[in-house]
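Subject: Structure for you to look at

Hi,

Here is the structure I promised. Please open it first, then read my notes below.

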Amino acid sequence: NQIDLAQIVGTGINGRITRKNVISFIEANSTIGGREDSTGPSDQDTQSRKDQEKIALTPVRKMIAANMSKSAALIPQAWSEVAVDVTGMVSKRQDIKESFMNKEGINITYLPFVIKAVAESLKKNPLLNSTWSEEGIILKKNINIGIAVAAPDGLIVPVIHNADFFSIAGLAEIMETLISKAKNGKLTLPEVQGGTFTLNNTGALGSVSSRPLVNHPQAAIMTTEAIIKRPVIKEDAIAIRSMMNICLSFDHRIMDGAEASAFSMSVKKLLENIGSETLIY
């Protein structure tokens, strides 16, 4: 095979190169499409490979870039993180997911439970549902929650208008429709406009903690992180619980830590109170 043995690390006695080492080396290099010297690539490799590549910007990518730049430049942002015991929510979803699929024909995720808690908490904490202006803070009367969705062309935020009017089951059905449309590029303009607060389920990507950028001109954004079983002190005993972090970024011009924390603690309390008696419809 014309292999330079200096390229192979031997695992035999006293560093001897074995047949297995040679076969492994051949297989590894055939997989990546050629040999590579342990000291670096050859002159031929470096000449044939471009040192950079330009990826064309899509309209959606340009829009995201503009919005994120505006958010970072114009909004003085602070953030906080709260750990939530969602053992009851996990158990409730497990208990109903089969019957819900049979009745409604769609899967019920954890997100509708969170949206319901966020909508209820926004009613109690209206500063989180507002925008900044030099003349004064503008409180939004309608609770329109945007849900960040990873679509083929980039991040899309379809909006659930008047989210506080819907049950958990109703939110699940609306989400199913909007997410399907987002992934297929079929959202209409009204379905992506008018958001007053944004929720991003970064936990679906495996994240356990994040610091999201506020969706300008909104006042705040919250992420739900991955649900992980952890040992927790409960009633002076150690118990294994399903825990989820919720991370809130907010416009520090509009509110201070007290108002932001009051909202996060409201969401936490509502999520931790979900149990077998929680109504879905």
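A helix here is a DSSP run of H or I with at least four residues, and helices are numbered from the N terminus. By that rule, K268 lies in helix α7. Keep in mind that this is a predicted model.

Start with K268. Is K268 buried or exposed? Its relative accessibility is 17%, so K268 counts as buried. The cut-off for buried is under 20%. Leaving out residues up to four places away in sequence, K268 touches V82, A83, V84 and I246.

Now turn to α5, residues 111-124. This helix has 14 residues. From first C-alpha to last, α5 reaches 20 Å, close to the 20 Å expected at 1.5 Å a residue. α5 is mostly covered, with 10 of its 14 residues buried. Among them are L111, P112, F113, V114 and I115.

Next, the pair. How do α5 and α7 meet? Their axes come within 9 Å and cross at roughly 135°. α5 and α7 are therefore oblique to each other. The crossing is right-handed.

Which residues of α5 and α7 meet? From α5 come F113, V114, A117, V118, E120, S121, L122 and K124. From α7 come F263, S266, V267, L270 and L271. The residues of this contact divide into 9 nonpolar, 2 polar and 2 charged.

One tip for reading those lists. An α-helix has 3.6 residues a turn, so residues three or four places apart point the same way.

Best wishes

Notes: Residues numbered from 1 in each chain as written. Predicted model: local features only at pLDDT ≥ 70, side-chain atom pairs only at ≥ 80, totals over all residues. Heavy atoms only, no water. Axes fitted to C-alpha atoms, helices over the stretch in contact; angles between N-to-C directions. Helix = DSSP H or I, 4+ residues; strand = E, 2+ residues; numbered from the N terminus. Parallel < 35°, antiparallel > 145°, perpendicular 65-115°, else oblique. Left-handed = near helix turned anticlockwise from the far one by under 90°. Contact = heavy atoms within 4.5 Å. Nonpolar A, V, L, I, M, F, W, Y, C, P; charged D, E, K, R; others polar. Buried < 20%, exposed > 50% of the residue type's maximum accessible area, 1.4 Å probe, protein only. Expected span 1.5 Å × (residues − 1).
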